[in-house]
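Reader: I would like to learn how to read a structure like this one. Could you walk me through it, feature by feature?

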Amino acid sequence: MVSSKITIQVSCADAGDPYSLRVAQAKNAIRKALTPIAEDEMVAVRDALGRVLAGDCMSSIDVPSHTNSAMDGYAFIGSDLPTEGEREFTVVATAMAGQPTDHVCTSGQCIRIMTGAPMPAGTDSVVMQEQAELMDDDRVRIDSRHRTGQNVRQAGEDIARGACVYRKGRRVTAADLGVLASLGYAEVRVIRRPRVAFFSTGDELRSIGDTLAEGEIYDSNRYSLYAMLTEMGVEIIDMGVVGDDPQALTGAFDRAAAAADLVITSGGVSVGEADYTKAILEQRGEVAFWTIAMKPGRPLTFGHLDGALFFGLPGNPVAVMLTFHQFVRPALRYLAGGDWPQDLIVEARAEKGLKKRAGRFEFVRGILAYDEMGELTVKPAGAQGSGILTSMSRANCFVLLDEACAGVAAGDRVRVQPFSTQL
Ligand code: AMP
Ligand code: MG
């Protein structure tokens with residue numbers, strides 16, 4: 001008897017998947033394919049937040065620029081400070097921030113001083129006013145607890161003139177803006193922003209404002225992608241929706257590649273009859289890989305398109321957000337001239353068991369919280385289907401279940417990738 005056999009292809013229904021890349025391999029492949037942007041531009045310091053410095057930042061001044069008092073109190077000559085008992089001094093002048101005194105302090109004298117005021121000539125130590133007893137208008141008494149040099153900020157103790165404050169490649173933070181301003185920088189040279197063109201694909205997609213006919217849906221990926229790109233601080237070229245038509249798609253691919261450093265599409269990367277992304281990329285550019293052993297987000301196309309990098313994200317709204325988070329975000333950071341970012345991963349106790357088979361990486365939308373004991377715990381944020389965007393809304397983290405993991409029992413410790421530093 002002849003037995004017939006159906007050849008079954010690997011799909012997202014399979015746990016193990018020998019033809020797909022592992023998540024870590026995919027990240028490596030993406031990183032290797034990228035060349036950070038080198039072009040730079042000058043921006044006002046105020047606009048430099050989140051930008052990457054294109055050169056070292058040197059200091060042309062000392063910060064603080066003069067030796068000054070760290071307290072409101074009285075400035076003394078260190079050798080005058082009593083080593084035992086108490087001693088009385090005459091207050092001979094007052095020094096304020098912005099209004100220094102040119103009085104030269106001599107033995108037995110002290111000078112009333114406010115925080116930030118330059119240390120008067122002769123003085124080198126400050127006693128805070130709470131530790132000095134004012135006898136009358138111009139007499140103070142102090143005891144023996146004080147040491148020479150106390151409560152004084154030395155010129156250049158934060159930043160010395162000529163020091164390199166920031167190296168090329170640094171991503172500017174809020175504190176950096178303050179430091180740059182303290183050095184007198186009005187402008188800084190930064191790497192230009194990456195330009196990112198994106199569009200949604202699918203005949204079923206309608207724009208918000210349109211009325212939906214049978215079988216149609218609103219294009220939500222356009223908005224979540226727009227939001228995530230905005231958070232990344234890149235230049236955005238929003239190309240809207242393109243239907244499942246090879247000719248229209250080819251045109252859109254070419255226009256996007258001509259305008260951008262990186263092109264992102266959503267939808268059309270599966271093996272359905274209207275999934276053209278991979279074929280067009282093969283024709284117009286080069287496909288580097290197109291499936292990853294992960295859930296959600298297994299079909300993901302990465303490659304080159306006429307000098308631009310290309311990410312073909314899946315169509316399902318959650319898969320779009322997840323793959324953006326895992327692959328596009330670090331790629332954009334790297335492209336923007338910084339390093340490949342290291343995500344903050346924390347450990348938390350699983351409140352509930354999580355079913356999983358070994359073989360692929362699964363990302364569970366989770367809610368991370370502190371319990372009454374102050375311990376971090378995590379639970380799923382609701383149904384985990386890759387089209388269920390509301391559970392992504394509720395989530396504040398991904399629970400990371402790697403390829404080797406074969407399920408989690410309640411109470412197990414799991415690795416968690418928070419979306420932000422606040423819960
Ligand atoms: P596809 O990969 O094109 O087969 O799309 C997979 C699923 O995601 C289908 O149910 C699509 O209708 C849905 N989808 C694709 N693109 C979008 C979009 N831009 N907004 C919302 N849903 C989408
Ligand atoms: Mg589609």
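Predicted model: local features only at pLDDT ≥ 70, side-chain atom pairs only at ≥ 80, totals over all residues.

Reader: Which domains is the chain divided into?

Author: Domain bounds come from an automatic or database domain assignment. Here they give domain 1 (23–38 + 192–337), domain 2 (50–63 + 161–191), domain 3 (68–153) and domain 4 (346–418).

Reader: What is the area buried between domain 1 and domain 2?

Author: Buried area is the accessible area (1.4 Å probe) that two parts lose on being put together, summed over both. For domain 1 and domain 2 that is about 550 Å², with carbon and sulfur atoms giving 48%. The C-alpha centres of these two domains lie 34 Å apart. Seven residues from domain 1 and six residues from domain 2 take part in the contact, where contact means heavy atoms within 4.5 Å. Between domain 1 and domain 2 the count of salt bridges is zero.

Reader: Which residues of the largest nonpolar core touch the most other members?

Author: A nonpolar core is a set of buried Ala, Val, Leu, Ile, Met, Phe, Trp, Tyr and Cys residues joined through side-chain atoms within 4.5 Å. Buried means under 20% relative accessible area, exposed over 50%, and partly exposed in between (1.4 Å probe, protein chains only). In the largest core, with 42 residues, the answer is Ile 264, Phe 311, Phe 324 and Leu 332. Helix 6 (residues 317–335) gives the most to this core, with eleven residues; helices (H or I, at least four residues) and strands (E, at least two) are DSSP runs, numbered from the N terminus. A second, separate core has 15 residues, including Phe 199 and Phe 310.

Reader: Is Thr 277 buried or exposed?

Author: Thr 277 is buried, at 2% relative accessible area. It is found in helix 5 (residues 277–284), and a polar atom of its side chain lies 3.1 Å from the backbone oxygen of Gly 268.

Reader: And where is Ile 159?

Author: Ile 159 sits in the loop between strand 10 (152–153) and strand 11 (164–166). Its relative accessible area is 8%, so it counts as buried. Ser 59 is 100 residues away along the chain, yet the C-alpha atoms of Ile 159 and Ser 59 are separated by 7.4 Å.

Reader: How many salt bridges does a search of the whole structure find?

Author: Side chains of opposite charge can pair when their charged atoms come close. A salt bridge is a side-chain nitrogen of Lys or Arg within 4 Å of a carboxyl oxygen of Asp or Glu, and the search finds 22. One of them joins Glu 403 and Arg 22 (3.8 Å, N to O), which are 381 residues apart. Glu 403 is buried at 9%, whereas Arg 22 is partly exposed at 46%. Another joins Asp 56 and Arg 167 (3.0 Å, N to O). Salt bridges that share partners also join Glu 347, Arg 349, Asp 371, Glu 375 and Arg 413 into one network.

Note on methods. Residues numbered from 1 in each chain as written. Chains lettered and ligands numbered in written order. Heavy atoms only, no water. Polar contact = N/O pair within 3.5 Å; in protein donor to acceptor, adjacent residues only side chain to side chain.
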